[in-house]
Amino acid sequence: MDYERLGLKAGIEIHQQLDTEQKLFCRCPTALREADERNGEFCRYLRATESEMGEIDRAAEEEMMVMRRFRYYTYDTTCLVEADEEPPAPMNPEALAVALTIARLFSMSPVPQVHTMRKLVIDGSNTSGFQRTALVAMGGLLPNGGAVETICLEEEAAQRIDDQTFSLDRLGIPLVEITTSPCLHTPEAVQETAEYIGMVLRSTGRVKRGIGTIRQDINISIRDGARVEIKGVQDLDLIAETVRREVQRQQALLAIRDELRERGARVSGEAIDVTDLFKGTRSSILKKAATILAVPLPGFAGLVGRETQPGRRLGSEMADYARKCGVGGIFHTDELPAYGITAGEVARLAAFCGAGPQDAVVLVSGTPDRAACAARQVQRRAAMALEGVPEETRRMLEGGSTAYMRPLPGAARMYPETDVFPVEISETLWRSIPLPELLTERAERFTAELGLDRTLARQIAFSEQLPLFERAVAEGCRPALACRTLVGTLRELRRSGVATERLADAQILEVLRAVEEGRVAKEAVPVVLTAVAAGQTVDAAIEQAVPPLSLRELEALVESILSDRSAFVREKGRASLGPLMGVVMREVRGRVDGKVVSEVLMKKIGQMLGE
Amino acid sequence: MTASFQAGDRIQCAHGGRLLDGTYITERDGMVVIKLGSGYNIGVPGDCCTFVERPRPARPTPAAVEQDPSLPELSIVSTGGTIASRVDYRTGAVTSQFDADDILRAIPGLGRIARFRTRQVSTILSENMTPAIWQALARTIYEEVKDGAAGVIVTHGTDTMAYTAAAVSFMVRSPVPIVFVGSQRSADRPSSDNVMNALCSAAAAAGDLGEVAVVMHATSSDDVCAIHRATRVRKMHTSRRDAFQSIGIPPIGTVEYPSLQVRLREEAVRRGSLDPALHTDLEEKCGLLYFYPGMPASVLECFEGYEGLVLAGSGLGHVSTRWIEPLKRLIDGGTTVVMTSQCLHGRVCDRVYDTGRDLLAIGVVEGEDMLPEAALAKVMWVLARERDPEAVRRLLQTDLVGEITRCSCHGL
């Protein structure tokens, strides 16, 4: 696919949780909790309010189509700020410092006076109905020539437990949002840029790690298409595929548009009440419905069912819009007869609606209000198909396809957070912000200074174990051993079911030091760590893994090795000590100090040579 | 120069080697605040900004408020406060600017409960409330009742709502409900409690109640509002939605949300029980003093010449023994001194300990189980119509509008 010819323009927004002690606007810890640890819950309704310019944001307005009752779980680690029952505390300076560090790494200019804003989000993910966010710096650079437009410091939203239930533990964790310009022109470039930004973020050593701590939103358009924002791509490896599928979708929608126009298709008229037509139907959904409405779409036959992305059709997009009214979905004639609706019923439906072979009919069902709302939404989406690609916010589905979420929000959703004072970024503060070494640079330094091979150096530099590795090296452990243990051994142990999360950093360090001190052979490290993870002390684990060897046992062992190699000893004389030392050490696997081995070996060689 | 910019002007600012386009909002802490196209506000030094253009204001005209003539007519009397607040984007503070029409427009659901007419007594933050405004408010409420309102809703800031509601209880007799309502979270946020409180207060005002009440969230959830008797209610939390609690009695009713079903307890005064009457005279030279250990008695000198003084004493109703003499001088000088308790829950009894007996001996009036706020409003009202010390004492210790309970119920 020639993406440049298609006019692909993409930009990304990366949301990364910061690893600070406290939340952004309260003093609660940034700890994630299990839902069953909750100590209470409450419920709220949210409604869209006017912005300072006197408008209501279109995305917020759409969320209000159904009045929803949201439920929130509270914990002994959340407070009234998360419950929207207390004004926010001043912006957490620790989080601001991390955001400024990141800004420096992208060579950005800080905003002289940072203002906290309220970004209207009334899908329930914020108890207040808005997310607090502040623009911190602008105008950064990417190595591929692209631009980082802005970095914002935001509060994380509440974690959704189910459709209308949220957990308050995550709400308020500091988050940076890094937005690039639409400077990316291939799916691969989008993915590479996301990887690069992720690397820069991790270079600070102050970001949270693990699933859900980083999320990517992708903005995509092609020529004649429209800007679509895909929210919450968590998996880096899926980014390129998501871009490819969105390009495919926009192309498909443009092709549908052209065909609709050629056919003279139109969207007009009212929805038709066909409830009586389906009396006695075998379709379980229609049987339960109080009202069934039909939306005739002249000229749409075959196109409603046409695929736009793997597993998605124009009909799926109509269904996404209809669901905003609280209905479960839609039926359309391109997929009927099916779902218990018979060919006879389809024929009667078409006749009743006056639909010919070129026409499609969409069915919606529900309470009278919901069905009417859903029918209007289907008509709205069908009308958009005549225009091409609608601007919208979409959410990820498994595999990289997407579904409609809401319209693209506008600037009308932002208004000042009056309860938080602005923060000035003085020249002194800006200059005092440390500029950490990038992980890529660090990996190169590890190769140059510590002699690690490139792959291993990169692995440890990008690993969560980096701080521990640096400590181990500083304490005199061999870099290669520390590195292999931290990135290789621990992972292998975890995969084989060892509870490596129970290993304290200090314990791992102690094991590494024991190797250096000759108390245990490096080969025994996995066994020792396994025993420590199971609850033993390091000393006990070493002792158990490596039972001490008595002097007599050692002498017997050495004698046996020497007798196997007597020819070699006689040939080389005392010079055989070096090679044989290795052989013996392998056998004793660190159970005896190297110095003792050397003494015994020397004595026995002497005896063999008759000295 | 920034002085030439007006809110809404398009301006351009040089920042970080780039030119930023934005809308001028205000000047704050020496910085020009601009709104960027993305909706973010930032502050930049004024000398890097230049004027671009002044767009014509395009604020949409407010929609007309629709009324259903078949519904009963309620009167909304507004005084200001958070329920009627709007953010001032120049100063960044929340100020009271809404009038009652704006409230109707902001809460469309009100139109399904009743018809409304609106009166505006003041637009102040409740800390700026005065007895003079209480009197103006009482007159307005009375006029509305006489004018046939089926109920009156008073929008009020929550901080001093309990004082005003208690004062109105003494000043206005009404056959229809007079319902005070406010909100703890500002109206500009999607989660504001103003919608639910307003709808529940309207339901209560259209219901069978016949006394002055405060209607506010009963819990942190958007599920039920409590109807509190005006003389027994207190703001017990700085910021929670359920800050208002009845003290010494249970709430006199509830309003469920969103069904808006009103349930009144047996004790609630019913619609039509009282004839309308207005007694707005108040003796404003009255004070309220919260005693603390070590508080110098010289504080009392400030109240010399006062007609009335409510003490929020410790425990059963005490102040330091060192206060006995100065208090005696105050009382001998003509000041009526009423003892209440900072415990809030429970009844004053100055007959248990020596200090209490001394207080009684010098003429301090035991305030029964009155809340200090209600006692202040009451002493103002009583002293405006009665000066004979014995008659004053009798009135102060008589339950007039539910401010005193005859017995302290178990469990409350």
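Modeller: Contact, or touching, here means heavy atoms within 4.5 Å. This is a predicted model, so to speak of local features we need pLDDT of at least 70, side-chain atom pairs count only at pLDDT 80 or more, and totals for chains, interfaces and linings use all residues. Residues are numbered from 1 along each chain as its sequence is written, chains are lettered from A and ligands numbered from 1 in the order in which they are written, and side-chain values use heavy atoms, with hydrogens and water left out.

Let's take B:Phe291 for the close look. Not counting residues up to four places away in sequence, B:Phe291 touches B:Ala312, B:Gly313, B:His318, B:Val319, B:Ser320, B:Trp323 and B:Gln342. Of these, B:Gly313 is 22 residues from B:Phe291 in sequence, yet their C-alpha atoms are 5.4 Å apart in space. B:Phe291 sits in the loop between strand S20 (286–290) and strand S21 (308–313) of chain B. Helices (H or I, at least four residues) and strands (E, at least two) are DSSP runs, numbered from the N terminus. The relative accessible area of B:Phe291 is 8%, so this residue is buried; buried means under 20% relative accessible area, exposed over 50%, and partly exposed in between, with a 1.4 Å probe and protein chains only.

Now for the chain around that residue. Chain B has eight helices and 23 strands, and its C-alpha atoms fill a box of roughly 80 × 55 × 35 Å along the principal axes. Of the 412 residues in chain B, 57% are buried. Among contacts in chain B with a separation of 6 or more, 67% are between residues 24 or more positions apart.

Helix H4 (residues 194–205) of chain B is another buried piece. All 12 of the 12 residues of H4(B) are buried, so this helix is largely enclosed by the rest of the structure; they include B:Met196, B:Leu199 and B:Cys200. H4(B) reaches 16 Å from its first C-alpha to its last, close to the 16 Å expected at 1.5 Å a residue; the expected span is 1.5 Å times one less than the number of residues.

Some backbone details are worth a look too. Most residues other than glycine have a negative phi, and most peptide bonds are trans. In chain B, the peptide bond from B:Tyr257 to B:Pro258 is cis, with omega near 5 degrees, and B:Pro258 is in the loop between strand S17 (253–256) and strand S18 (262–264). B:Asp29 has a positive phi, near 45 degrees. This aspartate, B:Asp29, is in the loop between strand S2 (18–28) and strand S3 (31–36) of chain B and is exposed, at a relative accessible area of 56%.

The peptide bond from A:Leu336 to A:Pro337 is cis, with omega near 0 degrees, and A:Pro337 belongs to the loop between strand S18 (331–332) and helix H8 (343–353) of chain A. A:Asp224 has a positive phi, near 70 degrees, and counts as exposed at 57% relative accessibility.

Let's finish with helix packing in chain A. Helix H13 (residues 466–474) and helix H14 (residues 479–495) of chain A pack at an angle of about 155 degrees, with their axes 9 Å apart. That makes H13(A) roughly antiparallel to H14(A). Axes are lines fitted to C-alpha atoms, for helices over the stretch in contact, and angles run from 0 to 180 degrees between N-to-C directions. Angles under 35 degrees count as roughly parallel, over 145 as roughly antiparallel, 65 to 115 as roughly perpendicular and the rest as oblique. In their contact, A:Leu468, A:Phe469, A:Ala472 and A:Val473 of H13(A) meet A:Pro479, A:Ala482, A:Cys483 and A:Leu486 of H14(A). These contact residues divide into eight nonpolar, no polar and no charged. Ala, Val, Leu, Ile, Met, Phe, Trp, Tyr, Cys and Pro count as nonpolar, Asp, Glu, Lys and Arg as charged, and the others, Gly among them, as polar.

Helix H18 (residues 551–564) of chain A packs with H20(A) at about 130 degrees, their axes 11 Å apart, and the two are therefore oblique to each other. The contact of H18(A) with H20(A) has nine nonpolar residues, no polar and one charged.
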